[in-house]
Each structure stands twice: as structure tokens, then as C-alpha cells.
Amino acid sequence: MRNTVTTLLFLISPLAQGNSPGEVVPAVAVLSEQQQTDLELLAEADNFDGASSKQRIEELLKRGADPNTEDSAGDTPLLLLCRTIEHDYRYRHEPHFAQAVNETFELLLRHGANALHENRLGCNALFFLQSKPELLEALKQNKLIPKDLAVRIPYDTLALIRYMKLRVQQAELTMHAPCRQYLSRKYCAPAYERVENKLTTYLESESVERIPQGAPAICLAFMRLAAPEKANSYVADLVYWEHSEHFIEDIPLMVLQALHDLNWQVDTNKLSQALKRLQALLPKEGEDMISCNSARPIILILEMMAHQDPQKVLPLIEEYKASRDPELAYHAYKMQLRQNNLYSPDPAELEKAFGIDPFAPQTTKLTEQQRKIYECAKVDFAMRHSDLSHVSAEELARAEQHFREMGLTPYADTIATLLSGGELSKEPYVHQAAHRRYKELVSPAPGAVLARYILEHPEHFRIKNNQ
């Protein structure tokens, strides 16, 4: 039974007999018979257990339980049964259980359950029933499923974004193609042109500040759900692939990030074409660090290519490992680590891999090599992100020594400026100068050196099979 149901049973009373005035004590609310039966109906549907649950639900309905009562997620008993149909293995493998579910479904509809009611994620029973055509057809023949309502597409920008986000979230709730096809046909396709025009307007904006946060990504996800072929054609025709130098600008980079996160299948020839133009913006030698921000789009394009054609990316990884840009070199190493089934020197990833609690005293047993890499990764991350709130002076001192052993002397010297007599400086200007200097250092970058160390000691950093 959900916590959201049980919490309805409790209230806080400011006074209770035997307590002093002003003392807050818990008290159990007195529920009406109607409220009690409604809660029991939700609980039974949420924990459906075959014929016994069917009988119990029937009794509650006879007692006057409301078949359209909702929990905090907006789910009704009908939608809770849909979840059983969607996820409970017994529905697929035990005929008697499936029969009980189907009969209970019909029972709720006969008592007035609304099959078109949408929960907080925009799902109704009709959406889930698309994957069970036999049950849906039987309910329609018995005239228990009402005619589907017309869809209203909002015009207001923020309302449209909320609508798109709701439908994309809804699609993620099922793996059944008929459900997604129904969602696409009924709720998404009618809005495609409006959304495409909205995205085009965003791409033509003069400032990223005029674009609602996350709007390009949600537009692309919605367009792909509404009309995959049209969406693919739209992306393929973007001018950025031929003039990829624009990816260093905020709005094009935002679009590229969205395509990367959505694992969009862009033609690898277009990706290669974009890479060639971006490469010309990379620092070439010495201290030639042009502030062009081309590393980030190159990394995103590389990872997009790796998803589609890993062999085509291998020569590029080797080339970018030697880049003068520290971010690009680090990510090239990370891609190679993944191909070798090894953890990358990312503190969050290593914490998860080794069972480390970053907010508790160190109790996890690590090998010397593992601890060394973890501490260096943790300090490197903190320095690059200008946040030492979770790093101790002892960890900084050890990382400084490790960096010296690895030949990262400039980075070690910068860390040393933060320490005095074994204590971390409390002067803000000292921290600001150290962080700025750390991020201005060029090569070799600590991330790349740590990654190379892992590649040389794979036995200590192999990804476990169950992860």
C-alpha cells in the first residue's frame, strides 16, 4: 500500500489531553465511512492479489466506495489496475490472475469509473489498454469505454512546454508499441507543426535568455515522438552540420547537447563533417590556448559517433588523447576506458563502484592504487568546480603528493597554496586565485593522467559484470 494513501489517515493536532498548551502532538484523524471505504478501495487496487482482491473491491463498491477516488499521484483504482496489467508478471503468466484483473476492471467501469481520467503524468486507462487489444475490444463491445475526448493543444508558450513534457514523460512509462503509437497519434502528432515552429524560433533567437530552460530538448523529444521521420529530416537539415563552428555558441551548443542526451541517430558523415571544422579551432602547440570552447561540441559529437560506429571513432580517440585542450584529452581517455570496460576517474563513479560514502568517515577497504586515484579525482573535481566544501586538508595534502609523483607539478604547486601548516586557508582571495590558476593550467591535465594510470592498472578498476 502506498505511503501517500496511509498519510491521509494522520493529522497534527496542536493540543491533546494531558499535554501542555502549545505542544504539538500527533493525533489520528476521524474519517467518515465514505473516506474509509475510498482509502480501502485504493489500497486493494494498489495491492491487487487476484480473486480475493476482486471480491474485496466488489464489497467496497457495494458499500459506496467512490471508484474515481484519487491518491496523491492522481491515480484511481482503475489506473492502479492498469499498472498491474503493465508490470505484474502474474498477469502475463497466470490465466486465473489475469481473469480476475479483467473482471475487476469491468466491475469498476460498471460502477462508474472514468476510463478517461488522467493522473498527474497525463496517463489514462485508455492509454494503457492499447497494449491489451482483446480486453479493450471486449470493454468497447460492452459499451464500457466512452468515446475518446478531443485533444486541446495549448497556445501559451509555457503551457505548451508543460504539455510536451507531460507527453514525453508519459511515453517513458510503457515499453508497449501500441501505447506509444496511440499517444503519438492522439496527443502528439496534432501539435507537431506548432512545436517545430517553436523550436525554429528558439534557434533564431538572439539570446539564450529568451529561451525557457530546457525548451529545445523537450521540443526535440516531442517531435521525435510525434513524427519520427519528419523530426529526423528536420535535424538532418540543420545548417550546423556544415557550419559546425556555430556549436561554440550557446544556442547551437544547447541543441547539440539535447541531441546527444536523446541519443539521436545523426548520419555519421554529417558528424564527421562537423568535427573537421571544429578541429581547426583547437589549440595547436605550446601555450596556444585559444578561448574557443570547441572541446565541448567535439566531445558531444565524438560520443554520438561512438554510439553508432565505435570503430570509426577509435582513431579519433587516439588523436584527441594528445590534445592540448585538457577537457578534450580527458574525455578521449574516458571513452577509451569505457571501451576497455574500466571505470573512469570520476569521483561520483568511483564512489558508486567502491561503495564509498563521501559524507562519512572512510571505512571502505580500497587498494593503494584505488585510494590514490579516488583522492586525486576528488580533489581535481573540487578544484575545477571551485568547491572544496567536501574536501579535507588531509585529502588535499595527499593529493598534492600524488600529483607530484605523477609529474603534475604545476597542479601540485597550486594545491599547496591552499595549505598552510597542514590547515586549509580561510582567506577567500587565496581560494579564488588557486581555483583560477588551476583551471588555466594546460597540459598534461590531471584527468587524463589519472585515466592513463587506470589503463595501465586495469586489474584494480575493472567494471563489475552486474553494473
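Student: Is S184 buried or exposed?
Tutor: Residues are numbered from 1 along each chain as its sequence is written, and side-chain values use heavy atoms, leaving out hydrogens and water. A residue is buried under 20% relative accessible area, exposed over 50% and partly exposed in between (1.4 Å probe, protein chains only). The relative accessible area of S184 is 13%, so S184 is buried.

Student: Which backbone oxygen does the side chain of S184 reach?
Tutor: S184 lies in helix α10, residues 177-188; helices are DSSP runs of H or I with at least four residues, strands are runs of E with at least two, and both are numbered from the N terminus. Beyond four places in sequence, S184 is in contact (heavy atoms within 4.5 Å) with A189, P190, L225 and A226. At 3.1 Å, its side chain reaches the backbone oxygen of A226.

Student: At roughly what angle do the axes of α12 and α13 cross?
Tutor: A226 is one of the α12 residues that meet α13. Axes are lines fitted to C-alpha atoms, for helices over the stretch in contact, and angles run from 0 to 180 degrees between N-to-C directions. The axes of α12 (residues 215-226) and α13 (residues 228-236) come within 5 Å, and they cross at roughly 135 degrees.

Student: What is α12 called relative to α13?
Tutor: Angles under 35 degrees count as roughly parallel, over 145 as roughly antiparallel, 65 to 115 as roughly perpendicular, and the rest as oblique. The crossing is at roughly 135 degrees. α12 is therefore oblique.

Student: How many nonpolar residues are in the contact of α12 with α13?
Tutor: From α12, L220, M223, R224, L225 and A226 meet P228, A231, Y234 and V235 in α13. Ala, Val, Leu, Ile, Met, Phe, Trp, Tyr, Cys and Pro count as nonpolar, Asp, Glu, Lys and Arg as charged, and the others, Gly among them, as polar. The contact of α12 with α13 has 1 charged residue, no polar ones, and nonpolar residues to the number of 8.

Student: Which helices do the buried residues of α19 pack against?
Tutor: Helix α19 (residues 347-354) has 6 of its 8 residues buried. These are P347, E349, L350, E351, A353 and F354. They pack against α18 (326-339) and α20 (368-384).

Student: Which backbone nitrogen does a side-chain oxygen of D346 reach at the start of α19?
Tutor: A polar contact is a pair of N or O atoms within 3.5 Å; within protein, one must be able to donate a hydrogen and the other to accept it, and residues adjacent in sequence count only if both atoms are side-chain atoms. The side-chain oxygen of D346 comes to within 3.0 Å of the backbone nitrogen of A348.

Student: Which backbone nitrogen does the side chain of E395 reach?
Tutor: E395 is in helix α21, residues 393-405, and counts as buried because its relative accessible area is 15%. Its contacts beyond four places in sequence are K378, V379 and H390. At 3.0 Å, the side chain of E395 reaches the backbone nitrogen of S392.

Student: How far apart are the C-alpha atoms of L60 and T37?
Tutor: L60 is in helix α3, residues 51-62, and is buried at 0% relative accessibility. Leaving out residues up to four places away in sequence, L60 touches T37, E40, L41 and A65. L60 and T37 are 23 residues apart along the chain, and their C-alpha atoms are separated by 6.2 Å.

Student: What is the C-alpha to C-alpha distance between V101 and I85?
Tutor: V101 belongs to helix α6, residues 95-110, and is buried with a relative accessible area of 0%. Its contacts beyond four places in sequence are F48, L81, T84, I85 and Y91. V101 and I85 are 16 residues apart in sequence, and their C-alpha distance is 7.7 Å.

Student: What is the phi of K143?
Tutor: Most residues other than glycine have a negative phi. K143 sits in the loop between α8 (133-141) and α9 (157-171), and counts as exposed at 75% relative accessibility. Its phi is positive, near 55 degrees.

Student: Over which residues does pLDDT stay under 50?
Tutor: The chain averages a pLDDT of 87, and 90% of the residues score at least 70. Where pLDDT is low, the predicted coordinates should not be read in detail. The stretch under 50 has 43 contacts beyond four places in sequence in the model, and covers residues 1-22.

Notes:
Predicted model: local features only at pLDDT ≥ 70, side-chain atom pairs only at ≥ 80, totals over all residues. pLDDT = per-residue confidence, 0-100.
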